[in-house]
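Subject: Structure for you to look over

Hello,

Here is the structure I promised to pass on. Please open it alongside these notes.

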Amino acid sequence: MKERKYCTFCGKELVLKTLYDGSQEKYCDDCDHVFFHTPSPCVIVMVTNSNKVLLARGLGWKHPYWALISGHIRSGETAEETVVREVYEEVSLEVSSLDFLRTYVLEVRDLLMVAFKVETEGTSIKKSQELEEAKWFDLYHPLPLRPESTAAHVVKHVFPKMMCRGPERAGKQMHSKETMRTYFDLHK
Ligand SMILES: [Zn+2]
């Protein structure tokens with residue numbers, strides 16, 4: 001993670017300021033502004049249509065897993081607007097309903113992931129050039145999501161009994177304690 005060195009507003013070099021709780025943050029004494037170390041916000045979206053869920057694979061992925069639609073929240077955009085934009089940009093589908101699920105921390109990438117479930121108007125996919133593949137999967141069968149990935153947790157948040165499997169385990173459902181643990185259990 002690259003450390004911020006200069007003030008975004010005036011360009012002055014930042015100093016370290018000790019806050020009331022004893023923590024130290026980067027600070028511009030000209031603007032009297034504290035630059036908190038914050039994660040990048042992004043959305044992760046479970047796109048559904050009836051009993052189907054949309055999964056995608058990015059270009060050049062070496063692993064065999066599929067993923068949910070996700071994307072960074074841009075400046076000036078609400079998380080809900082990001083969801084509608086990303087779903088349209090990535091697979092050309094219109095969102096007909098949108099539900100907030102919960103948030104996830106992805107520490108390795110310094111992300112705060114805001115999870116949503118959306119229902120789409122239609123099912124005809126026109127994938128973007130960023131994707132190698134995008135298609136609908138039956139929600140009542142194990143999904144080829146990486147076990148313990150944020151995507152797998154999002155699906156299991158909505159369907160607690162949902163199983164995820166890698167393609168190498170095709171046909172074999174995983175019922176281990178590992179796959180059923182919630183994200184909170186893993187990160188507390
Ligand atoms: Zn400044």
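**What was found**

E4 and E5 form an antiparallel pair over 2 bridges. Strands here are DSSP runs of E with at least two residues, helices are DSSP runs of H or I with at least four residues, and both are numbered from the N terminus. Two strands count as paired if DSSP finds at least two bridges between them.

Two points on provenance. This is a predicted model, in which local features need pLDDT of at least 70, side-chain atom pairs count only at pLDDT 80 or more, and totals for chains, interfaces and linings use all residues. Residues are numbered from 1 along each chain as its sequence is written.

**The E4–E5 hairpin and its neighbour**

Thr 48 stands opposite Val 53 in E5. The hairpin has 2 residues between the strands, and Ser 50 takes a positive phi near 55° there. Ser 50 is exposed, with 10 other C-beta atoms within 10 Å. The burial cut-offs are these: buried means 20 or more other C-beta atoms within 10 Å of the residue's own, exposed means 12 or fewer, and partly exposed lies in between, with C-beta atoms placed from the backbone.

E5 also pairs with E9, in the antiparallel sense over 7 bridges. Lys 52 has Asp 138 in E9 as its bridge partner.

Asp 110 also has a positive phi, near 55°, and is not a glycine. Asp 110 sits in the loop between strand E7 (95–106) and E8. Asp 110 is exposed, with 12 other C-beta atoms within 10 Å.

**Overall layout**

The protein has 4 helices and 9 strands. Along the sequence the pattern reads β-β-β-β-β-β-α-β-β-β-α-α-α. Of the 188 residues, 24% are buried. Among contacts with a separation of 6 or more, 54% join residues 24 or more positions apart. A contact here means C-beta atoms, placed from the backbone, within 7 Å.

**The open sheet**

3 strands form an open antiparallel sheet in the order E1-E2-E3. Strand E1 (15–18) and strand E3 (33–35) are at the edges with a single partner strand each, so one side of each has no neighbour in the sheet. E1 and strand E2 (residues 24–28) pair over 4 bridges. Lys 17 stands opposite Glu 25 in E2.

**The core**

Which residues touch the most other members of the largest nonpolar core? They are Val 45, Val 47 and Leu 68, in a core of 31 residues. Strand E4 (40–49), strand E5 (52–58), helix H1 (79–91), strand E8 (111–120) and helix H2 (150–158) each supply at least two residues of this core. Such a core is a set of buried Ala, Val, Leu, Ile, Met, Phe, Trp, Tyr and Cys residues joined through C-beta atoms within 7 Å.

Beyond its neighbours within four places in sequence, Val 45 has contacts that include Leu 68, Val 83, Val 87, Phe 116 and Val 118.

**Helix H1**

The buried residues in H1 are Thr 82, Val 83, Glu 86, Val 87, Glu 90 and Val 91. Seen down the axis of H1, they fall within an arc of 125°, so they line one face of the helix. That arc is taken over the directions from the helix axis to the C-beta atoms. The buried residues of H1 pack against E4, E5, strand E6 (69–72), E7, E8 and strand E9 (131–138). Just after H1, Ser 92 takes a positive phi of about 60°.

Best wishes

Conventions. Contact = placed C-beta atoms within 7 Å.
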